[in-house]
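This report describes the fold of a protein chain and then turns to the positions annotated in its database record. The sequence and structure are shown first.

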Amino acid sequence: MKGVLLVNLGSPKSPTAKDVKPYLDEFLMDKYVIDVPFLLRALLVRGIILRKRPEESAHAYAKIWWEDGSPLIVISKRVHEKVKKEVEVPVSLAMRYGQPSIEAGLQELADKGVTEVMLFPLYPQYAMASTLTILVLAEEIRKKKFPHMTFTDVPAFYNKPDYIKVLANSIKKSLIGFDYDHLLFSYHGIPERHIRKTDVTKSHCKIDGTCCVTESAAHAFCYRHQCYETTRLVVEELGIPKDKYSQTFQSRLAGDKWLEPYTDVEINKMPAKGIKKLAVVTPAFVSDCLETLEEIAMRAKEDFQANGGGDFHAVPCLNDDAEWINVLANWINEWAHAEIPVA
Ligand SMILES: C=CC1=C(C)c2cc3[nH]c(cc4nc(cc5[nH]c(cc1n2)c(C)c5CCC(=O)O)C(CCC(=O)O)=C4C)c(C)c3C=C
Ligand SMILES: [Fe+2]
Ligand SMILES: [Fe+2]
């Protein structure tokens with residue numbers, strides 16, 4: 001029997017330093033997130049980052065926390081509940097870090113007699129720090145605990161026409177009545193090194209002005225290319241002229257060189273360029289979370305206005321939008337009915 005495991009990133013149990021610390025430890029000790037040898041990673045994470053960050057992050061989480069929990073978890077549960085009603089196979093929900101775990105999600109499916117699992121990372125663009133780490137962990141768990149199961153991975157959906165359509169529609173609806181000067185597409189950043197590591201050609205990705213727009217097998221796993229494609233397709237769908245939008249990368253940690261341009265740096269420069277009404281969309285996330293609700297809707301807005309900007313509008317993520325639920329359910333039902341897995 002077929003079944004689906006939806007997987008999102010995860011959140012701490014509560015917005016307190018006590019609960020944020022183990023969550024960040026699990027997250028940042030993941031070798032696909034901080035991809036340096038174990039001893040150096042432990043020194044960086046446990047010796048440096050975890051000394052102050054849990055307190056700071058807990059403070060940020062407290063500002064966005066909902067009555068019923070972390071927005072990312074609450075929204076993921078809503079999506080799960082709604083999708084379940086529209087599909088003909090069992091669907092479980094899991095988080096890469098924290099709870100509900102991938103193992104618990106697979107167990108839930110196994111208990112329902114599922115043997116063929118569609119692994120569905122809830123990220124539009126592929127990255128080793130988001131998609132790959134889910135697939136690797138799920139496979140490790142499968143081998144140990146569920147050897148009778150088979151997996152089908154859902155490829156990154158950054159350019160799928162039905163996804164682009166719902167994303168474009170949601171932006172359009174959210175911007176009704178907001179006559180913006182500029183629309184910024186802000187994606188979660190990753191270190192440049194991650195792009196080179198996931199380049200299957202080992203030579204294509206130069207992280208320059210041309211590699212991401214030159215046809216290559218590397219694009220199937222190039223986060224930067226996939227972000228540019230999502231932006232290109234959405235602005236094409238919405239008919240937004242070139243001088244009215246741009247793309248940046250947010251949420252970098254100190255140390256490495258991360259993908260540029262950086263969201264905070266660019267937003268701070270915008271008012272001086274005549275941009276007074278700014279809208280920001282965050283298509284690396286399908287659910288609102290710390291990075292959209294605090295970093296963009298609160299901090300970026302304050303910075304924009306402190307630098308002379310005016311109205312600021314953060315476009316919500318797709319969350320449990322009815323059209324989006326429909327698209328998710330269609331993809332699942334198509335796979336459930338396919339004779340051959342559509343990997
Ligand atoms: C080396 C560090 C990080 C990489 C690489 C990274 C990639 C990455 N992350 C997401 C999605 C999310 N990240 C979120 C929070 C978050 N991310 C990092 C670090 C890296 N992410 C940290 C330390 C945190 C925690 C909060 C903080 O202290 O700033 C979230 C929000 C989670 C929530 O509970 O709301 C999401 C979602 C993607 C998609 C990605 C690679 C493309
Ligand atoms: Fe992150
Ligand atoms: Fe590229």
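## Strand β5 and His188

The model discussed here is predicted. His188 belongs to strand β5, which covers residues 182-188. His188 counts as buried because 27 C-beta neighbours lie inside 10 Å, where 20 or more are required. Beyond residues up to four places away in sequence, the contacts of His188 are Gln250, Ser251, Ala284 and Glu291.

## Helix α10 and Glu291

Glu291 is part of helix α10, which comprises residues 290-293. With 22 C-beta neighbours inside 10 Å, Glu291 is likewise classed as buried. Once neighbours within four places in sequence are set aside, Glu291 contacts His188, Gln250, Ser251 and Phe285.

## The annotated binding site

An unreviewed UniProt entry lists His188 and Glu291 under "binding site". These positions are spread over 104 residues of sequence, yet they cluster in space, with a largest C-alpha distance of 8.0 Å.

## Overall architecture

The protein chain contains 12 helices and eight strands. Along the principal axes, its C-alpha atoms occupy a box of roughly 60 × 50 × 45 Å. The radius of gyration is 20 Å, which agrees with the value near 20 Å for a compact globule of 343 residues.

Of the 343 residues, 43% count as buried. Among contacts between residues at least 6 apart in sequence, 75% connect residues at least 24 apart.

Definitions and conventions:
Residues are numbered from 1 along each chain as its sequence is written. Chains are lettered from A and ligands numbered from 1 in the order in which they are written. This is a predicted model: local features need pLDDT of at least 70, side-chain atom pairs count only at pLDDT 80 or more; totals for chains, interfaces and linings use all residues. UniProt positions are given in the numbering used here, feature names are shortened, and annotations may be inferred rather than shown by experiment. Helices (H or I, at least four residues) and strands (E, at least two) are DSSP runs, numbered from the N terminus. A residue is buried if 20 or more other C-beta atoms lie within 10 Å of its own, exposed if 12 or fewer, and partly exposed in between; C-beta atoms are placed from the backbone. Two residues are in contact if their C-beta atoms, placed from the backbone, lie within 7 Å. The radius of gyration is taken over C-alpha atoms; the globule rule is 2.2 Å times the number of residues to the power 0.38.
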